[in-house]
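This report goes through some local features of one structure. The sequence and the model come before the text.

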Amino acid sequence: MTFRTILRALAPALLLAGLSAAAHAGAVEDCRSTAQVTNASLLAACTAVIDGKQASASDTAYAYYRRALVGSANPQADQALIMADVSKAIELDPRLMEAFAFRALGYNRALQHDKAIADLSSAIALAPDRWGLYSLRAMIEAQKKDDKAAIADFKAALARNPPASSADMIRQRISKLEQKSAQ
């Protein structure tokens, strides 16, 4: 059998593989897109990345995270599936700070404050300059009635120079917590 014969026999498979790779690359690009598109098209693109099993671990993790994020916009969405997707994203890419922060919101909604705080601590370890992560953790600590930790995190948020309107809100929260602690 000559090389040419083998190449002719394999040509259809190579063509399909090339098309599949191009389709896969398009799905990754669509899933990562910040353009204004419908939630349905984002869900379809991210699901295609996940189901295609050809993407890098980072792209697949982002697809799970994005699918969870987009899915959460639907009030009738299954919260367990959303949490499963974001947890899978973290499993695949433990450096995906946004996934930790998003999962923390889900845990907080489910009144699992300790898990929410742990995820926010992981997010902060990955992005220590993000004032919003400290502020969010402070709000959850305040819900837990851990005023001392909440004040410390609000002050840490202020130290990272949030926008003026957010800084004012944070100062008000600190003042209320300090007054409450003084009583």
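Lys53 lies in the loop between α2 and α3, the latter spanning residues 57–71. In this predicted model, Lys53 has a positive phi of about 50° although it is not a glycine. Its relative accessible area is 72%, so Lys53 counts as exposed.

A positive phi is also found at Leu111, again in a residue other than glycine, with a value near 60°. Leu111 belongs to the loop between α5 and α6. The relative accessible area of Leu111 is 65%, which makes Leu111 exposed.

**The disulfide**

How many disulfides does the structure hold? There is one. A disulfide is a covalent bond between the sulfur atoms of two cysteines. Here the bond joins Cys31 to Cys46, with an S to S distance of 2.1 Å. The two cysteines are 15 residues apart and link distant parts of the chain: Cys31 is in helix α1 (residues 3–32), and Cys46 is in helix α2 (residues 39–52). The torsion about the S-S bond of Cys31 and Cys46 is about 95°, so the disulfide is right-handed.

Are the two cysteines buried or exposed? Cys31 has a relative accessibility of 2% and therefore counts as buried. Cys46 is at 0%, so Cys46 counts as buried too.

**A buried aspartate**

Asp119 is part of helix α6, which covers residues 113–126. With a relative accessible area of 5%, Asp119 is buried. Which residues does Asp119 contact, leaving aside its neighbours within four places in sequence? They are Phe100, Arg103, Ala104 and Tyr107.

The relative accessible areas given so far are collected here.

| Residue | Relative accessible area | Class |
|---|---|---|
| Cys31 | 2% | buried |
| Cys46 | 0% | buried |
| Lys53 | 72% | exposed |
| Leu111 | 65% | exposed |
| Asp119 | 5% | buried |

**Helix α7 and its contacts**

Helix α7 (residues 131–143) packs with helix α8 (residues 147–158) at an angle of about 165°, and their axes are 8 Å apart. Angles over 145 degrees count as roughly antiparallel, so α7 is roughly antiparallel to α8. The crossing of these two helices, α7 and α8, is left-handed.

On the α7 side of this contact are Trp131, Tyr134, Ser135, Arg137, Ala138, Met139, Glu141 and Ala142. The α8 side consists of Ala149, Ala150, Asp153, Phe154, Ala156 and Ala157. Sorted by class, the residues of the contact of α7 with α8 are 10 nonpolar, one polar and three charged.

Helix α7 also has a contact with helix α5, which runs over residues 97–109. The axes of α5 and α7 come within 12 Å and cross at roughly 20°. Angles under 35 degrees count as roughly parallel, and α5 and α7 are therefore roughly parallel to each other. In passing α7, α5 makes a left-handed crossing.

Which residues meet where α5 touches α7? From α5 come Met97, Ala101, Leu105 and Asn108, and from α7 come Leu133, Leu136, Ile140 and Gln143. Of the residues in the contact of α5 with α7, six are nonpolar, two are polar and none is charged.

Definitions and conventions:
Residues are numbered from 1 along each chain as its sequence is written. This is a predicted model: local features need pLDDT of at least 70, side-chain atom pairs count only at pLDDT 80 or more; totals for chains, interfaces and linings use all residues. Side-chain values use heavy atoms; hydrogens and water are left out. Axes are lines fitted to C-alpha atoms, for helices over the stretch in contact, and angles run from 0 to 180 degrees between N-to-C directions. Helices (H or I, at least four residues) and strands (E, at least two) are DSSP runs, numbered from the N terminus. Angles under 35 degrees count as roughly parallel, over 145 as roughly antiparallel, 65 to 115 as roughly perpendicular and the rest as oblique. A crossing is left-handed if the near helix is turned anticlockwise from the far one by less than a right angle, and right-handed if clockwise. Contact means heavy atoms within 4.5 Å. Ala, Val, Leu, Ile, Met, Phe, Trp, Tyr, Cys and Pro count as nonpolar, Asp, Glu, Lys and Arg as charged, and the others, Gly among them, as polar. A disulfide is a pair of cysteine sulfur atoms within 2.5 Å. Buried means under 20% relative accessible area, exposed over 50%, partly exposed in between (1.4 Å probe, protein chains only).
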